[in-house]
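I opened this notebook to record what I looked up, going from the whole chain down to a single residue.

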Amino acid sequence: MLIRTEIGVDAAGIDRLLRRCFATGTEADLVHQLREDAQLTLGVVATDDAGQVLGYAAFSPVIMQGEDRGWVGLAPLAVDERWRNQGIGRQLIFEGLDTLNEFGYAAVVVVGDPAWYSRLGFMPAAPHQLHCKWADTEANFQVYKLADNAFDGITGDVEYSEHFNRFA
Ligand SMILES: CC(C)(COP(=O)(O)OP(=O)(O)OC[C@H]1O[C@@H](n2cnc3c(N)ncnc32)[C@H](O)[C@@H]1OP(=O)(O)O)[C@@H](O)C(=O)NCCC(=O)NCCS
């Protein structure tokens with residue numbers, strides 16, 4: 001198993017994985033459109049020895065106070081059912097955080113289960129006056145700080161790209 005940055009040849013395997021892992025094609029269509037519109041900051045894949053995609057994490061830009069401040073959102077995250085509970089989800093996220101850090105991104109946000117994401121170093125966003133506009137996300141909206149000064153002078157709504165509204 002290999003964890004690495006997505007390359008062009010992975011697109012079809014990522015699409016198939018997302019269609020297997022989620023009940024509808026929404027996530028697959030979302031990733032396709034983000035990629036088409038150059039709104040996919042980073043994709044991380046887990047592949048088996050034959051190069052088949054068995055896990056995926058996507059990161060795309062989010063806007064803070066109407067500006068791009070080098071923040072990204074993690075979504076979607078998926079691991080093939082047969083490969084779950086072996087730490088692949090966690091490794092995909094860590095690889096993503098490492099790469100984003102290397103390239104100077106400031107922070108990563110996610111809407112997900114706090115019990116799981118807190119184990120990976122994410123913290124609740126609300127105490128930092130950071131909020132997601134989507135309904136009922138307050139308790140699940142979390143942030144991971146990459147840059148020491150990421151939060152300096154930054155509060156308010158974190159806006160995902162319009163692609164997310166289109167596919168919501
Ligand atoms: C979420 C998902 C990516 C996790 O992948 P994974 O490779 O199994 O994750 P890991 O092996 O790194 O972590 C597994 C651990 O986290 C827990 N865990 C995994 N996903 C969780 C979730 N969404 N909420 C709470 N706990 C979760 C598991 O119970 C397990 O706990 P343990 O370490 O105490 O045994 C995978 O379950 C999946 O693809 N689910 C379907 C798609 C989905 O719901 N994606 C998330 C929303 S975009």
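**Whole chain**

I began with the overall dimensions: a compact globule of 168 residues would have a radius of gyration near 15 Å, and the protein chain has 15 Å, so the two agree. The radius is taken over C-alpha atoms, and the globule rule is 2.2 Å times the number of residues to the power 0.38. I noted that the C-alpha trace spans about 45 × 30 × 30 Å along its principal axes.

I must remember that this is a predicted model, in which local features need pLDDT of at least 70 and side-chain atom pairs count only at pLDDT 80 or more, while totals for chains, interfaces and linings use all residues. Residues are numbered from 1 along each chain as its sequence is written.

**Elements and contacts**

I found five helices and nine strands, where helices (H or I, at least four residues) and strands (E, at least two) are DSSP runs numbered from the N terminus. Along the sequence they follow the pattern β-α-α-β-β-β-α-β-α-β-β-β-β-α.

Of the contacts (C-beta atoms, placed from the backbone, within 7 Å) with a separation of 6 or more, 65% join residues 24 or more positions apart.

**Leucine 97**

Is leucine 97 buried or exposed? I noted that leucine 97 lies in helix 3, residues 88-102, and that it counts as buried because it has 22 C-beta neighbours inside 10 Å. A residue is buried at 20 or more such neighbours, exposed at 12 or fewer, and partly exposed in between. Buried residues make up 34% of the chain.

Leaving aside residues up to four places away in sequence, leucine 97 touches Val108, Tyr144 and Leu146.

Technical notes:
Contact = placed C-beta atoms within 7 Å.
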